[in-house]
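Subject: Structure for your review

Dear colleague,

Please find below the sequence and structure that I am handing over to you. I would be grateful if you kept the structure open while reading the notes that come after it.

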Amino acid sequence: MNIKTADICDRVPEKVRIVEPSFLSLGKKERFFGPIFTVKVKDDNVLVKKALETIPSGSVLVVDGAASKNCALLGGNLAEIAAKKGLAGIIINGYIRDRIELREAETGVIALGSLPLKSRKEGKGEENIALEFGNVVWNPNDYVYVDEDGILVASENLHD
């Protein structure tokens, strides 16, 4: 990715929402951007897997896991699905596991940290809805930009 979040903020600050800096880069790709697809779950990653298998290449899956410290919502197997599908990245308001495997998968992963416990498999949650965490609203089809300086959300594609 040639685009930098600092450059976007300098060029069009009125068009971006800046995500609070409480998230960690835990995947191989530290810089990524793309259109947002959303999932809201609580301690259950069935809809996360479904989204990873179905959203278009180049997209970013944004998961609101309510910052739950009960379990991980993403591990090495799901990161590999994302990489094989060509997803730009995954942003999770929650936790991951299998950190070494995530560092090897060809995708970006942003989360609050890691926990070793796997999630439930009940299929509960919501898809394709507006989410609110990190002091921003994440709307489906908005765009997200991630690099070492931070995370930006915009209502339009700011990369030509």
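Predicted model: local features only at pLDDT ≥ 70, side-chain atom pairs only at ≥ 80, totals over all residues.

Helix packing

Two packed helices are described by the angle between their axes and the distance between the axes. Here, helix α2 (residues 46-54) packs with helix α3 (residues 76-85) at an angle of about 15 degrees, and their axes are 8 Å apart. Because angles under 35 degrees count as roughly parallel, α2 is roughly parallel to α3. The crossing of these two helices, α2 and α3, is left-handed. On the α2 side, the residues that take part are Val48, Lys49, Leu52, Glu53 and Thr54, and they meet Leu78, Ile81, Ala82 and Lys85 of α3. Sorted by class, this contact of α2 with α3 has five nonpolar residues, one polar residue and three charged residues.

Strands and pairing

Strands of a sheet pair through backbone hydrogen bonds, either parallel or antiparallel. The model has an open sheet of three strands in the order β5-β7-β9, with parallel pairing. Its edge strands are β5 (72-74) and β9 (113-114), each of which pairs on one side only. Between β5 and strand β7 (residues 95-96), the parallel pairing runs over two bridges. Within it, alanine 72 stands opposite tyrosine 95 of β7.

Which sense of pairing, parallel or antiparallel, does β8 show with β2? The two strands β2 and β8 pair in the antiparallel sense, over two bridges. Leucine 24 has alanine 111 in β8 as its bridge partner. With strand β6 (residues 89-93), by contrast, β8 pairs in the parallel sense, over three bridges. There, isoleucine 91 is found opposite isoleucine 110 of β8.

In a regular strand the side chains alternate between the two faces of the sheet. For β8, both faces are covered: Gly108 and Ile110 on one side are buried, as are Val109 and Ala111 on the other.

Individual residues

Threonine 5 lies in helix α1 (residues 5-11). Is this residue buried or exposed? Threonine 5 has a relative accessible area of 4%, and it is therefore buried, since buried means under 20%. Leaving aside neighbours within four places in sequence, threonine 5 is in contact with Tyr145, Val146, Asp147, Asp149, Gly150 and Leu152.

Arginine 31 is located in the loop between β2 (24-25) and β3 (32-40). Its relative accessibility is 34%, so arginine 31 counts as partly exposed. Arginine 31 and lysine 15 are 16 residues apart along the chain, and their C-alpha atoms are separated by 20 Å.

Two further loop residues may be read together. Alanine 67 sits in the loop between β4 (60-64) and β5, while asparagine 128 sits in the loop between β10 (126-127) and β11 (131-133). Alanine 67 has a phi near 55 degrees, a positive value in a residue other than glycine. Asparagine 128, likewise not a glycine, has a positive phi of about 55 degrees. As to accessibility, alanine 67 counts as partly exposed at 31%, whereas asparagine 128 is exposed, with a relative accessible area of 53%.

Yours sincerely,

A colleague

How values were computed
Residues numbered from 1 in each chain as written. Heavy atoms only, no water. Axes fitted to C-alpha atoms, helices over the stretch in contact; angles between N-to-C directions. Helix = DSSP H or I, 4+ residues; strand = E, 2+ residues; numbered from the N terminus. Parallel < 35°, antiparallel > 145°, perpendicular 65-115°, else oblique. Left-handed = near helix turned anticlockwise from the far one by under 90°. Contact = heavy atoms within 4.5 Å. Nonpolar A, V, L, I, M, F, W, Y, C, P; charged D, E, K, R; others polar. Buried < 20%, exposed > 50% of the residue type's maximum accessible area, 1.4 Å probe, protein only. Pairing = 2+ DSSP bridges.
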